[in-house]
Amino acid sequence: MTPTKIRVGIVGAGLIAPIHAAGFQELPDQVEVVAVCDTNRENAENLATMFDAKIYSDYQALIDDPQVDLVDLLLPHHLHYAAAMAVIEARKHLLLEKPVAVTYQQSLEIYAAAQKAGIHFGVAENTRFIRAYLEAEKIIRSGKLGGINLVRTFLPANERMRLSSDDFWGKQAACGGGTLIDSGPHTFYLLKWLFGEIQELAAFTSQLYHVDSEVEDNADVRGRLVCGADFLSSFTFTAEVPHSERLEVYGTTGSLIVDQLVNPPVKFYAEPVDFDGSPVEGVDYDPMGWHYFSIVEEVKDFVRTVSAGLPPTVDPLDCCYAIKVIEKAYESVRNGNVLLQV
Ligand SMILES: NC(=O)c1ccc[n+]([C@@H]2O[C@H](COP(=O)([O-])OP(=O)(O)OC[C@H]3O[C@@H](n4cnc5c(N)ncnc54)[C@H](O)[C@@H]3O)[C@@H](O)[C@H]2O)c1
């Protein structure tokens with residue numbers, strides 16, 4: 001017997017949509033994209049032609065379409081909550097791009113509503129599928145680094161063009177902030193996944209780019225993890241480098257450095273005079289592809305787990321937790337960079 005395919009509707013046909021689409025295309029026996037929605041007709045048409053899909057301009061109409069079983073929400077941040085709740089109300093499965101929502105409260109409400117409705121709910125958090133981090137996880141869990149003393153992360157990107165555009169980027173009311181709410185979901189998911197919860201933090205932000213932008217474009221969050229290690233997470237929207245990610249883990253018996261712009265991207269250092277370090281096997285130098293492939297994998301993981309009736313690999317509660325951390329960081333900034341318990 002041929003298994004029934006999951007019928008997908010994609011809402012939001014902007015920058016990230018073709019990568020999600022590529023993920024669905026890689027599982028032609030399990031899934032088909034039947035509908036696309038965007039208020040921008042051209043964006044909707046460009047995406048729909050990849051699948052010969054129906055086109056909607058109103059997301060509620062797509063959600064109500066009886067031909068749609070699963071909705072993939074790729075909307076601007078401020079629309080996540082209302083659109084996600086509408087999908088859950090219609091009892092369709094939901095894959096939702098990060099950030100879950102612009103507040104922790106809204107994130108938890110989405111999670112609770114999804115649980116109550118009994119639908120499959122996943123957050124599109126590609127961090128969990130980045131090859132370098134999967135290899136880093138093995139080394140960290142093996143105990144090879146000893147006790148972890150310090151973790152540092154850095155997410156540089158250049159969003160100057162988007163920050164000055166007329167759409168939601170750079171608008172405080174639409175995004176709920178700048179680089180912290182946009183890149184923070186990845187970093188604070190990563191910390192939660194690899195090291196556990198954060199005990200306390202203080203945050204610092206600045207805005208270098210003022211033309212049409214209302215939001216912070218640089219941020220540092222530092223503090224202590226419950227496991228005892230210190231952490232420092234930096235974010236920038238104003239770096240003249242390709243979008244990248246860096247993770248440094250310093251332990252008592254060795255250290256690990258991940259940098260997507262360096263070849264090889266993952267190295268283990270055994271001691272202070274180990275100048276060369278040892279490349280970690282299994283991670284190719286792919287500064288253009290690492291991000292794309294991790295998103296394709298994240299989409300495929302969600303489809304596979306829905307088909308199998310299993311929970312997604314990325315626990316949505318960990319993504320909600322990341323929003324809690326971001327909210328605390330903004331609270332710290334508002335109160336003069338004070339140290340706050342998380
Ligand atoms: N995982 C990642 O690394 C990653 C990367 C980029 C974006 N994202 C996330 O994906 C989401 C979308 O980002 P993007 O870069 O594709 O943004 P984008 O601005 O390129 O696209 C958003 C699309 O939504 C459409 N839209 C706006 N309001 C709408 C409405 N009411 N109904 C239907 N369509 C509407 C816009 O016309 C646009 O085509 C964001 O939440 C972002 O955080 C994640």
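## Basis

The model is predicted, so local features need pLDDT of at least 70 and side-chain atom pairs count only at pLDDT 80 or more, while totals for chains, interfaces and linings use all residues. Residues are numbered from 1 along each chain as its sequence is written, and side-chain values use heavy atoms, with hydrogens and water left out.

## Helix 5: span and sides

Helix 5 covers residues 104–117. Helices (H or I, at least four residues) and strands (E, at least two) are DSSP runs, numbered from the N terminus. The expected span is 1.5 Å times one less than the number of residues. For the 14 residues of helix 5 that gives 20 Å, and the end C-alpha atoms are 20 Å apart, which agrees.

Ser 107, Ile 110, Tyr 111, Ala 114 and Ala 117 are buried in helix 5. They cover an arc of only 135 degrees around the axis, so they sit on the same side of helix 5. The arc is taken from the directions from the helix axis to the C-beta atoms. Buried means under 20% relative accessible area, exposed over 50%, and partly exposed in between (1.4 Å probe, protein chains only). The face turned away from the buried side carries the exposed residues Gln 105, Gln 115 and Lys 116.

What covers the buried residues includes helix 4 (80–89), strand 5 (93–97), strand 6 (121–124) and helix 11 (316–334). Contact here means heavy atoms within 4.5 Å. Just after helix 5, Gly 118 takes a positive phi of about 75 degrees.

A salt bridge is a side-chain nitrogen of Lys or Arg within 4 Å of a carboxyl oxygen of Asp or Glu. The count by this rule is 16. One of them pairs Lys 192 with Asp 318, with the closest N and O atoms 2.9 Å apart. Lys 192 lies in helix 9 (residues 179–195) and Asp 318 in helix 11, so the pair ties together parts 126 residues apart in sequence. Both residues, Lys 192 and Asp 318, are buried.

Arg 246 forms a salt bridge with Glu 248 (2.8 Å, N to O). Arg 246 is partly exposed at 24% relative accessibility. Glu 248 is buried at 7%.

Arg 246 also meets Asp 259 in a salt bridge (2.7 Å, N to O). Arg 246 lies in strand 11 (residues 246–251) and Asp 259 in strand 12 (residues 255–259), so this pair ties together parts 13 residues apart in sequence. Asp 259 counts as buried, at 11% relative accessibility. Salt bridges with shared partners join Arg 152, Arg 246, Glu 248 and Asp 259 into one network.
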